[in-house]
Every structure is written in structure tokens, then in C-alpha cells.
Amino acid sequence: MVADDFVSAVLGVVESIPPGRVMSYGDVAAALGSRAARAVGQTMAYYGSTVPWWRVVKASGHPATDHEQRALEYYRVEGTPLLWSTSGVFRIDMRSARHTP
DNA sequence: GAGGTGACCCAAG
DNA sequence: TCTTGGGCCACCT
């Protein structure tokens, strides 16, 4: 259950992200005092279903792999600043959308 | 108890 | 600007 400290911490940080803001996996891991950015992704893949996973993106500004289209809908609703490319590809405006605790 | 995998990150070319 | 390679930690079987 929720006896998992790491999982609970990850979910807690993600839920702590206000709407219109996003955090990179590395930032979430750093918030936990760890560098396990991949572990965050692993945990999110299983337990992320209970948290706004779309508010967690890569440090490059791209959403989670194979979920960008799904996250895009949430970003538009929450008013998250997005940067659109000429190819129709979008990415997060980290300079302002990046939530720093 | 040990091995494999992953919604990743950083540095260099 | 984009692509490649290596490394890191935690979770699952």
C-alpha cells in the first residue's frame, strides 16, 4: 500500500505541483534527495495513474514518452505555457512553467 | 537474493 | 539544433 516511502514522496511532490506549472523528473528526484530520475519514471508508470503525471516532463521540455498527445490536452486546459514548433510539435516553456520549490 | 527493465539525465560530437 | 553513448537509482519478476 502506501508504506512505500519513495512512491509516497514522488506522488506527494507531483501533487504539490500547482496547475499551469511543471517539473522535470530530475527535479522531482532532487526534491526527494536522490538522483533516481529513472526510478521516478518507473514509479510514475505504476503509481502515476493516481497523480497528475502530465505535470512531470523531461528536462528537455518534452512530455513523457508516448504521452505527449495525452498531456497536451491537460496543458491546454490548465493554461500551461507551451512553445510550438513549425512542425506542429510542442514543448513546455521551462523558463516559466518550471515549478521550483 | 539476484537480474532485467524503465513515462530519465548529462556530456560530447 | 539534433543525435549518440554511458550512468544513475528504484521497482518488478
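**Figure 1. Helix H3 and its covering elements in the predicted model.** The elements that cover the buried residues of H3 include H1, H2 and E2. The structure shown here and in the following views is a predicted model. The buried residues of H3 are Val40, Thr43 and Met44. Viewed down the helix axis, these buried residues fall within an arc of 105°, so they line one face of H3. On the face turned away from this buried side, H3 carries the exposed residues Arg38, Ala45 and Tyr46.

**Figure 2. Glutamine 42 in helix H3.** Glutamine 42 belongs to helix H3. A residue counts as buried when 20 or more other C-beta atoms lie within 10 Å of its own, as exposed when there are 12 or fewer, and as partly exposed in between. Glutamine 42 has 13 other C-beta atoms within 10 Å and is therefore partly exposed. Along the chain, glutamine 42 and glycine 20 are 22 residues apart, and their C-alpha atoms are separated by 24 Å. Glutamine 42 is also among the residues that come nearest to DNA strand C.

**Figure 3. Helix H1 and its buried side.** Helix H1 spans residues 5–16 and has 12 residues. From its first C-alpha to its last, H1 reaches 16 Å, close to the 16 Å expected at 1.5 Å a residue. Within H1, the residues Val7, Val10, Leu11, Val13 and Val14 are buried. They cover an arc of only 160° around the axis, which puts them on the same side of H1. The face turned away from this buried side carries the exposed residues Asp5 and Glu15. The packing partners of the buried residues of H1 are helix H2 (25–31), helix H3 (37–47) and strand E2 (56–57).

**Figure 4. The surface of the protein near DNA strand C.** There are 11 residues around DNA strand C, and those that come nearest are Phe6, Ala36, Arg38, Ala39 and Gln42. At least two residues of this surface are supplied by each of H1 and H3. The largest share, 5 residues, comes from H3. Divided by class, the surface near DNA strand C comprises 5 nonpolar, 3 polar and 3 charged residues. Arg38, one of the residues that come nearest to DNA strand C, is also exposed on the face of H3 turned away from its buried side.

**Figure 5. The surface of the protein near DNA strand B.** Around DNA strand B there are 18 residues, of which Tyr25, Ala45, Trp53, Lys58 and Ala64 come nearest. H2 and H3 each contribute at least two residues to this surface. H3 gives the most, with 7 residues. By class, the surface near DNA strand B holds 8 nonpolar, 8 polar and 2 charged residues. Ala45, one of the residues that come nearest to DNA strand B, is likewise an exposed residue of H3.

**Figure 6. The setting of these elements in chain A.** Chain A contains 5 helices and 4 strands. From the N terminus on, its elements follow the order α-β-α-α-β-α-β-β-α. The radius of gyration of chain A is 13 Å, close to the 13 Å that the globule rule gives for 101 residues, so chain A is as compact as a globular protein of that length. Taken along the principal axes, the C-alpha atoms of chain A fill a box of roughly 45 × 20 × 20 Å. Of the 101 residues in chain A, 27% are buried. Among contacts in chain A with a separation of 6 or more, 54% join residues 24 or more positions apart.

Note on methods
Residues are numbered from 1 along each chain as its sequence is written. Chains are lettered from A and ligands numbered from 1 in the order in which they are written. This is a predicted model: local features need pLDDT of at least 70, side-chain atom pairs count only at pLDDT 80 or more; totals for chains, interfaces and linings use all residues. The expected span of a helix is 1.5 Å times one less than its number of residues. The arc is that of the directions from the helix axis to the C-beta atoms. Two residues are in contact if their C-beta atoms, placed from the backbone, lie within 7 Å. A residue is near a molecule or strand if its C-beta atom, placed from the backbone, lies within 6 Å of it. Ala, Val, Leu, Ile, Met, Phe, Trp, Tyr, Cys and Pro count as nonpolar, Asp, Glu, Lys and Arg as charged, and the others, Gly among them, as polar. The radius of gyration is taken over C-alpha atoms; the globule rule is 2.2 Å times the number of residues to the power 0.38.
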